[in-house]
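Welcome, and thanks for taking a look at this one. Here is a short briefing to read alongside the coordinates.

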Amino acid sequence: MSGLLSNKNKRFLKKRLKFWFCCLTHPILNEHLIVFEAFSGKRCGGNLRAVYEELMEDERYRDFRFVWIVNEVEEHVDLKVRRHTRVVKKDSRSAFILYAKAKYWFNNVALPNYLIPRPHQVYVETWHGTPLKKLGNDIQYEVDPRQSLAEMHKKYYIKGRKMDYLISPSRFYTEKMISSFRLDKCHKEDIILETGYPRNDALFKFTEEDVSRIKEEIGVPAHKKVILYTPTWRDNQFKKGEGFQYSTELDFGTLMKELGEEYVLLFRAHHQIGFKDVAHDVPGVIDVTAVDDVNDLYIISDLMITDYSSTMFDYADLKRPMVFYMYDLDEYQGEIRDFYFDINELPGPIVKTQNDLVKAVQDQFANFAYDEKYKAFSEKFNYLDDAHAAKRVVEATIKTELGRAFRFYKWVIHTKNVIRKGIRDGYIAFCGMLRCMGLCRTRNSKLLYSYKNKHKGERCFLVGNGPSLRISDLEKLQEKGEITFGCNLVTKVFGQTSWRPDYYFLIDRICAKFQSAEINQAIRDIPLFTNITTYNIFRDKPRNPVILYNIARKQYKVKRSPLAYYIPSGSTVMSLMIEMAVYMGFSEIYLIGCDCTSTFSGNTHFVEGYTDERLKQRDAKKILDRMRRLGIEGDDYEKYFLDGSLNAYTLLKEHAMKRGVTIYNATRGGALEVFERVDLDKFVSN
């Protein structure tokens with residue numbers, strides 16, 4: 001049989017079988033799971049991004065999970081760190097599983113042929129623009145080298161038959177999509193929702209601050225006139241092995257010379273063409289094909305040049321001038337696509353040569369007016385667009401109430417997790433009790449026990465990473481031979497000072513996962529104290545770590561001995577350092593750089609670049625997810641963290657006093673008033 005199938009058909013069959021297998025192995029739909037795939041995985045924008053952002057803002061969908069299917073995962077770090085959001089590689093095993101499990105599928109170029117929604121799955125097609133050029137079954141010219149006209153018509157019919165909803169911005173659009181997908185043939189005319197286009201909501205919400213920010217990000221000079229050029233693709237410009245090509249009579253260099261230095265042109269290639277870099281190194285031209293959200297380009301531009309692209313309909317919401325550069329009009333209309341309406345309705349001049357293009361652009365900048373023709377165009381195609389289309393789509397397609405099967409499934413999973421956690425915590429507690437009795441001691445517990453009262457009667461300095469700390473403080477402590485504890489990414493300053501802590505502590509899971517190699521290199525022979533959860537996350541395992549077993553609780557609790565287990569909830573890494581300092585027998589403990597600042601208070605560390613943006617975003621996402629699970633929102637974040645830390649420090653103070661240990665706060669300023677303060681500057685000087 002393999003000899004009868006082409007390579008293309010083999011790939012199709014393989015993907016179809018993968019999806020069917022995932023459906024069999026994951027029979028229960030997750031009614032709180034939504035999969036988005038935009039522009040065949042090339043981007044994460046358009047209507048789908050607008051719907052996603054609406055869901056992120058709406059509290060009714062707080063428990064939903066979101067998945068973006070993309071070609072290149074690392075290009076979408078901004079999504080990876082968002083609440084309840086995953087970014088998954090297209091056609092990967094995870095992608096097939098998530099498609100099989102998800103109740104809702106959102107797409108904007110029609111599903112791949114190998115994906116067929118299961119019963120009770122909801123497939124929402126938003127498409128990607130109002131058509132001027134004919135689509136699907138309305139095309140009568142056989143120019144696409146990839147397929148025959150009959151094959152294309154059949155594919156569009158199959159695509160339409162899969163849809164449960166099709167989003168429409170106008171009655172005109174509705175009529176054309178019914179005919180192009182032959183929705184009448186499969187009796188699906190009623191699946192179309194005339195809501196307006198979600199992606200155009202942003203065109204009614206932006207501010208001047210947004211314009212300035214986007215211009216700065218892209219590198220557009222603030223004082224120049226901005227032209228956006230958005231040509232579409234041509235069906236007959238296809239090259240086997242490379243895809244659709246970009247070919248135009250427009251000479252960018254000559255165009256910019258004729259326009260003059262007061263103009264800048266933004267070139268945006270169609271997603272079918274991709275990143276061809278056709279405007280490279282042309283003065284005054286910026287290739288913005290890689291910008292994910294085309295709305296950013298709309299709002300910073302003063303005029304748009306296009307040809308047959310649907311961008312004309314979106315841009316009309318801004319009521320700004322447009323010029324239609326149709327150098328191949330006769331060929332396109334008579335041999336390639338043809339149009340759904342008379343192009344004389346377009347709200348701007350139509351030109352065929354570059355000389356006429358320059359004149360039209362200059363004339364539009366000088367004499368543009370939002371006239372009756374432009375108004376008629378908007379009233380025909382954009383009358384539903386406002387700032388609330390995404391909300392209408394969400395409310396019409398996504399249900400918040402759960403079915404019986406999924407409620408039972410969630411109960412089973414929750415019960416399983418509770419039982420598993422109870423068994424794990426009970427086992428850890430029981431083993432901890434035996435270790436405290438001197439029984440069942442492992443190599444690690446013996447190593448931990450060796451630190452008991454090791455520094456009896458001595459003093460130590462626990463170094464936090466708050467903004468009040470100075471590198472000179474660390475160097476003076478080293479000069480005096482003081483024993484110091486360091487934590488987390490204090491290793492960032494090792495290149496600026498000869499100071500090294502005597503003991504190093506890490507319980508931050510994100511640091512362990514993404515910076516374990518750098519940390520291991522930095523601490524070398526310095527003893528590392530961590531908990532088992534963090535240790536398991538280390539990608540590069542540390543040498544000779546001292547591991548504590550942790551059990552999470554809602555409230556912080558101090559254990560009599562770290563040999564039992566450590567409960568980090570409601571505290572910071574500083575609480576672990578204090579517990580270990582007491583266990584080691586220190587009689588005086590000094591806290592420095594312990595400002596009690598939270599992740600949300602801005603300046604939180606004593607060196608710039610303490611964490612890179614990726615780690616900051618991941619840390620913020622982790623915290624926000626936890627806060628939402630606890631029902632804590634907005635301004636209460638910082639209070640929650642401060643209250644939790646102060647509660648832990650109060651318990652630790654009592655714990656230390658019972659053992660004759662005094663804890664001092666030598667931090668400059670900050671919010672920690674639980675411990676007696678001492679002046680750090682006087683202390684290190686004397």
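A crossing of two helices is called left-handed if the near helix is turned anticlockwise from the far one by less than a right angle, and right-handed if clockwise. Please keep in mind that this is a predicted model, in which local features need pLDDT of at least 70 and side-chain atom pairs count only at pLDDT 80 or more, while totals for chains, interfaces and linings use all residues. Residues are numbered from 1 along each chain as its sequence is written, and side-chain values use heavy atoms, with hydrogens and water left out.

**Overall picture**

- The chain holds 24 helices and 23 strands; these are DSSP runs numbered from the N terminus, with helices being H or I of at least four residues and strands E of at least two.
- Of its 686 residues, 54% count as buried, where buried means under 20% relative accessible area, exposed over 50% and partly exposed in between (1.4 Å probe, protein chains only).
- Among contacts (heavy atoms within 4.5 Å) with a separation of 6 or more, 67% are between residues 24 or more positions apart.

**Nonpolar cores**

- A nonpolar core is a set of buried Ala, Val, Leu, Ile, Met, Phe, Trp, Tyr and Cys residues joined through side-chain atoms within 4.5 Å.
- The largest nonpolar core has 104 residues, and F36, F106 and W127 have the most contacts inside it.
- Helix α4 (residues 93–101) gives the most to this core, with six residues.
- A second, separate core has 39 residues, including L448, L462, I483 and I578.

- W127 sits in the loop between β5 (122–125) and α5, and because its relative accessibility is 5%, W127 counts as buried.
- The phi of W127 is positive, about 55 degrees, although this residue is not a glycine.
- Beyond its neighbours within four places in sequence, W127 has contacts that include N47, N107, L135, Y156, Y173, M177 and F181.

**Helix α6**

- Seven of the 10 residues of helix α6 (residues 171–180) are buried, so the helix is mostly covered.
- The buried residues of α6 are F172, Y173, T174, K176, M177, I178 and S180.
- Their cover includes α5 (149–162), β6 (165–168), β7 (192–194) and α13 (372–381).

**Two helix pairs**

- Two packed helices are described by the angle between their axes and the distance between the axes.
- Here the axes are lines fitted to C-alpha atoms, for helices over the stretch in contact, and angles run from 0 to 180 degrees between N-to-C directions.
- Angles under 35 degrees count as roughly parallel, over 145 as roughly antiparallel, 65 to 115 as roughly perpendicular and the rest as oblique.
- Helix α1 (residues 7–25) packs on α4 at an angle of about 55 degrees, with the axes 8 Å apart, and α1 and α4 are therefore oblique to each other.
- The crossing of α1 and α4 is right-handed.
- In this pair, K15, K18, F19, C22 and C23 of α1 meet F96, I97, Y99 and A100 of α4.
- By class, the contact of α1 with α4 has seven nonpolar, no polar and two charged residues; Ala, Val, Leu, Ile, Met, Phe, Trp, Tyr, Cys and Pro count as nonpolar, Asp, Glu, Lys and Arg as charged, and the others, Gly among them, as polar.
- Helix α2 (residues 46–57) and helix α14 (residues 389–397) pack at about 75 degrees with their axes 9 Å apart, which makes α2 roughly perpendicular to α14.
- Here A50, V51, E54 and L55 of α2 meet A390, K391, V393 and V394 of α14, giving six nonpolar, no polar and two charged residues.

- G46 belongs to helix α2 and counts as buried because its relative accessibility is 15%.
- G46 and H128 are 82 residues apart in sequence, yet 7.3 Å apart in space, C-alpha to C-alpha.
- D63 lies in the loop between α2 and β2 (65–70) and, at 48% relative accessibility, counts as partly exposed.
- Leaving aside neighbours within four places in sequence, D63 is in contact with H32 and H84.
- D91 is in the loop between β3 (85–89) and α4, and D91 has a positive phi of about 65 degrees although it is not a glycine.
- At 27% relative accessibility, D91 counts as partly exposed.
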